Amino acid sequence: MKRLICALLLLAMLFSLSVPAFAADPNIDGGGGGMNQGTSQNSWTPGRDGVRITIVRDSDNTPVSVPIDLSNGTNGDMAVHFGKVSKISYRSGIGLTPHTSSYVCYKPSQSMPRIISSNGSSNIAAIRSYFCREGTIRDIANATGFDYDTLIGGKYKILLEPIAYFKYNGVMFAMTATEAALYNKQVGNGLRSKMVSLSHKNLPLSMFLETPDLGFPAWGGSTTQAQNDETIIANLGLGIIRFSEPDPEPPKESNVIYRCDTEVVTAVTLSTGSQKTPDNPAYARFTINGRTYSHNSIYIPEGGSQLAWVKWRTPKEPGYITISVSSNCSVSSSEIVAQIVDLDKNPPPDPQANDRNDGFSIPSKPNKPNVTSLTWGEWDCWWHEYWVWHSGGEDEDGWWEDEGWWEYAWLSYSASLTAEMQTKPDAKSPTASGKTMKSGYGLNANVSAQVRSSAPSSHITGAQNVVAYFPEFNYTTYWRLLKRLNTGYSSTFEFQKNKYSTYGRPCHFSPVWFPDGRYTTYAECIDAWTPAGMLQINLTDDLTIRDSLFSDWHIRPIK
C-alpha cells in the first residue's frame, strides 16, 4: 500500500481523511483579515479565487510540470494574466510578463473550498482536507499529464499557490500572491494602494508554510496584517503536498554567517496594524552576546512595515551567537542564530620545488553573482495641522480645534560597491616582465574598494574583507584573507606577509608545476553591510605564466 503524506500542515489532519490508502500531512496554514470589496474600478468578489499547481522533483526542488490553474469558475473575463509561472521559477529569476491572451484554467471534478478569506476567518482546515484527498490528487495528475502512481511514489511534491481574480483600475486580472507583489513593484505601489486588503493581506496569507520546504521558510509573522512585497515574495502565498517524510529542518546556524571581528548590520522587518508616530513610536531591541542594541523612534503607517536594524562588531573568535529581537510590533524573526567564522585559518601550504600535478588543466574562472547595489528606506512622520472652528452655544464662546492627522513619507536610501584588483609579479621575481612571470615565483595583489551611499553612517559599513582564491586549487580548498590597509568607505587591501617567504614578502607563490598560460586570481570583496543585506563584488585579474623558475637556474663545474 502506498503511503501518501500530503504536506499541508497540522498533523491532526492525518486522522480526518476518509481514504484508507492515504496518510495526508499538509504543510499549509493560513490567515487574513476583514476587508471590503472596493470600488467599481478596483474590486474583488469573494469566491473568485483559484490555486496554481506545479509538480516539483523532491531531490533538487526543480519543477517538472507546466503549472496549471484550478478554479471553480471559468474566469473567461480575465483581460490580463502572467502566464503559468511558479513561485520557484520567479525565485530563479524569471521576470513578470503580462499576457492578454485567453486565460485558461481547469475546473476540478469536485468544487474547491473557498481559498481566500474575506472576513478574517481561515478556511485552512477545508483546504487541507480537499488537497489531501485521493480524488483531488488524481485530478491534478490528469490535468498535468503526470502518472498518478509516479506522483505519489515519494519522489515528487505538489506546490500550491493561491490565485485571486479581481478588477484593478477597471481591468480584470488573474494573479498569484507572488505575481501581485512583483506587479506592485512594477506599478510603484499602485496595486497595494488600491487593493491592499486583498493583494497584500488575504491573498498571500491564505497559504503559508508551517515548516520549511522547497527552500522556502516557515512563516512565523503576523497572520492578520498586510505584508510588504519582499516578504510576500520570500515567504507567503504557497502550500506544499508531499508524499514522503517531511524534509528535516535546516540547522539554525544557517540563519546568517558573519566574519570574526567585523562590523555588521543585522536587520528584521517590523509590521504593524496601527500607526506608529512620534507620540507612539516603534522600536526594536537586539540582544547580542549579553549586550542590548536598540533602534528607536521608528514611524510606520497603519498596515505598513519597515526594516529595523543595528550595527555591531562581531567577536574576535569563531563560534555561534543567538540574537534575540523584541519589539512593540510584529517581527519577521524574533531569534537569529549567527555563525561567526574565521577566514584566516586556511592559507595554502608551503610550496615545494619537487611538487607535481601532471593531470592538471587550467580551470575556468569562477562566475558568482555580484551584489553591487542595495536599496532600503524608512518612514518619516509629522503632524499635519487642520484647524476647525467650532461655534459655541448661547452661553459659551467658540473655539479652534486642530483636527489634523499624521502624514508619512518614505525616505529611500541606497548603497553601491565598486572595486578593482591588480595582480603583478613580486619584486623578487628576477625575470618577470610586465604581467608575465615564470611559475614558482610569487605574485602580489592589491584591491581597492569604494562604498557610496545616500544613507547615514549608522546604516552602512565599508568593505572590510577580501578573500583570494587560486587556480592551482580549483578556486576551492585553500584561500588567502587579505590584509586591510585602511578603514572607512574607501578601503585598500593586499596579501598578508607569507610565512614561507624568505624575505617576508606579502605574496602568493605560484606552483612550479603550473603550465604555461593564463594564471587568474579570483577574489571576493565582502562585508560591506547595509540594512538590506551585504554588498559583495567578485574580482579577477590575470597574469601570464611562461616557463618555470628552473630555467633561471643552471649548473656549471667548479673551477
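Me: Which helix holds both Arg138 and Glu134?
Reply: Happy to start there! This is a predicted model, where local features need pLDDT of at least 70, side-chain atom pairs count only at pLDDT 80 or more, and totals for chains, interfaces and linings use all residues. Residues are numbered from 1 along each chain as its sequence is written, and side-chain values use heavy atoms, leaving out hydrogens and water. Arg138 and Glu134 sit 4 residues apart, about one turn of the helix, with helices taken as DSSP runs (H or I, at least four residues; strands are E, at least two) numbered from the N terminus. Their helix is α3 (residues 134–144).

Me: How far apart are N and O where the side chains of Arg138 and Glu134 meet?
Reply: The two side chains form a salt bridge, meaning a side-chain nitrogen of Lys or Arg within 4 Å of a carboxyl oxygen of Asp or Glu. The N to O distance is 3.0 Å.

Me: Is Arg259 buried or exposed?
Reply: Arg259 forms a salt bridge with Asp527, with the closest N and O atoms 2.7 Å apart. Asp527 lies in strand β26 (residues 517–530) and Arg259 in strand β7 (residues 256–259), so the pair ties together parts 268 residues apart in sequence. Buried means under 20% relative accessible area, exposed over 50%, and partly exposed in between (1.4 Å probe, protein chains only). Like Asp527, Arg259 is buried.

Me: What is the relative accessibility of Asp426?
Reply: Asp426 meets Arg505 in a salt bridge (3.1 Å, N to O). Arg505 is partly exposed because its relative accessibility is 25%. Asp426 counts as buried, at 4%.
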